[in-house]
Amino acid sequence: MRIHNPSFSELLRDPTMLLAFGFGSGLAPKAPGTFGTLVAIPFWWLMKDLSPAWYLGILVVTGLVGCYLCGAAAKKLGVHDHGGIVWDEMVGYWLTMFMAPAGWIWALYGFVLFRLFDIAKPPPIGWADRRVQGGVGIMLDDILAAVYAALILQITVFFVGA
């Protein structure tokens, strides 16, 4: 079965696909998840000064919306977790950076940690990636990777300081 790779003009005609593909970043021919995570950084920069309650509210909404977006995009493409679907990476990065110190070094550190766990998929991330289907499954492995990354980031903050 051939996997359909949409064009940018197709994404522009379909808001669900445009968001699922991270405003087009998921069309990158190599490492679309990394490019999707990069697109998340400016959004984090805009959110970083929000109160924890507002930030967490945005995480909940974007996570729930992501279950729909990722599931709908996967269905349209006919494949469970098309590499170009990167909304899950965006939400994963934002979760990694929840209550992280502001500053580019922390933004970069969170980026590296999140990508490391998202790519390596240590247990139970790999299990969730293989076993949980649909939009929830697409989102879940990135949420778990973000939890790991956020824990390491916060432990680093505790010992190193911000």
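This is a predicted model: local features need pLDDT of at least 70, side-chain atom pairs count only at pLDDT 80 or more; totals for chains, interfaces and linings use all residues.
The secondary structure of the protein chain consists of eight helices and zero strands. This briefing covers the overall fold, then the charged side chains.

**Overall fold**

- From the N terminus on, the order of elements is α-α-α-α-α-α-α-α.
- A compact globule of 162 residues would have a radius of gyration near 15 Å, and the protein chain agrees because its value is 15 Å.
- Along the principal axes, the C-alpha atoms fill a box of roughly 50 × 30 × 30 Å.
- Of the 162 residues in the protein chain, 46% are buried.
- Among contacts with a separation of 6 or more, 71% are between residues 24 or more positions apart.
- The protein chain exposes about 8,300 Å², and 74% of that area is supplied by carbon and sulfur atoms.

- The protein chain carries 10 positive and 10 negative side chains, with the centres of the two sets 5 Å apart.
- Side chains of opposite charge can pair when their charged atoms come close.
- The count of salt bridges comes to five.

- Arg-115 and Asp-118 form a salt bridge with an N to O distance of 2.6 Å.
- Both residues lie in helix H6 (residues 104-120); they are three residues apart, which means a separation of about one helical turn.
- Arg-115 has a relative accessible area of 11%, so Arg-115 is buried.
- Asp-118 is also buried, because its relative accessibility is 5%.
- Asp-118 forms a salt bridge with Lys-121 as well, at 3.3 Å from N to O.
- Lys-121 counts as partly exposed because its relative accessibility is 23%.

**A buried charge without a salt bridge**

- Asp-88 is part of helix H5 (residues 87-96).
- Asp-88 is buried but has no salt bridge.
- The nearest side chain of opposite charge to Asp-88 is that of Lys-121, 7.2 Å away, whereas a salt bridge requires a side-chain nitrogen within 4 Å of a carboxyl oxygen.
- Leaving aside neighbours within four places in sequence, Asp-88 is in contact with Cys-70, Ile-138, Met-139 and Asp-142.

Definitions and conventions: Residues are numbered from 1 along each chain as its sequence is written. Side-chain values use heavy atoms; hydrogens and water are left out. Helices (H or I, at least four residues) and strands (E, at least two) are DSSP runs, numbered from the N terminus. Buried means under 20% relative accessible area, exposed over 50%, partly exposed in between (1.4 Å probe, protein chains only). Lys and Arg count as positive and Asp and Glu as negative; His and the chain ends are not counted. Contact means heavy atoms within 4.5 Å. The radius of gyration is taken over C-alpha atoms; the globule rule is 2.2 Å times the number of residues to the power 0.38. Accessible areas come from the Shrake-Rupley method with a 1.4 Å probe; for residues, only the protein chains shown count as cover. The place of a charge is taken as NZ of Lys, CZ of Arg, CG of Asp or CD of Glu.
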